[in-house]
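Let's take a walk through this structure together, starting from a single residue and widening the view step by step. Keep the model open beside you as you read.

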Amino acid sequence: MLAKDFITKEIPVLKSFDTGKYGLSLMDEFKLHHLPVVTDGVYQILVSEKDLLEMTDLEAPVKDLVFSLPAYTTTGICMKSWLLCRAIN
């Protein structure tokens with residue numbers, strides 16, 4: 001098998017109504033540790049596997065996680081960690 005066999009042009013994304021369980025299954029399938037969350041095709045936030053595993057209910061929609069993440073605001077960006085940020089509209 002060649003490296004080109006693993007390259008894909010499709011980037012899996014979570015929609016705000018997808019569950020944490022679905023997010024974890026996507027991460028497992030594509031061997032990823034982070035996934036972008038989009039609403040109506042607009043990027044909202046990047047969630048990590050750790051963020052999803054910390055959800056109290058994996059059947060809950062990811063939007064519940066997105067709006068519960070602790071954050072601080074600086075120069076129009078909401079940040080939880082270096083890899084987790086969301087533009088403030």
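This is a predicted model: local features need pLDDT of at least 70, side-chain atom pairs count only at pLDDT 80 or more; totals for chains, interfaces and linings use all residues.

Is Ser16 buried or exposed? Its relative accessibility is 16%, and buried means under 20%, so Ser16 counts as buried.

Which residues does Ser16 touch, once those up to four places away in sequence are set aside? They are Val37, Val38 and Thr39, together with Pro61, Val62 and Lys63.

Now zoom out to the fold. The chain contains 3 helices and 6 strands. Among contacts between residues at least 6 apart in sequence, 41% join residues that are at least 24 apart.

Next, look inside. The chain has 89 residues, of which 34% are buried. In soluble globular proteins, nonpolar side chains tend to be buried together. Here, the largest nonpolar core has 13 residues, and the members touching the most others are Leu14, Val37, Val47 and Leu52. Two or more residues of this core come from each of α1, β2 (34–39), β3 (42–48) and α3 (62–66). The biggest share is that of α1, which gives 3 residues. You have already met one of these core residues: Val37 is also among the residues that Ser16 touches.

Technical notes. Residues are numbered from 1 along each chain as its sequence is written. Side-chain values use heavy atoms; hydrogens and water are left out. Buried means under 20% relative accessible area, exposed over 50%, partly exposed in between (1.4 Å probe, protein chains only). Contact means heavy atoms within 4.5 Å. Helices (H or I, at least four residues) and strands (E, at least two) are DSSP runs, numbered from the N terminus. A nonpolar core is a set of buried Ala, Val, Leu, Ile, Met, Phe, Trp, Tyr and Cys residues joined through side-chain atoms within 4.5 Å.
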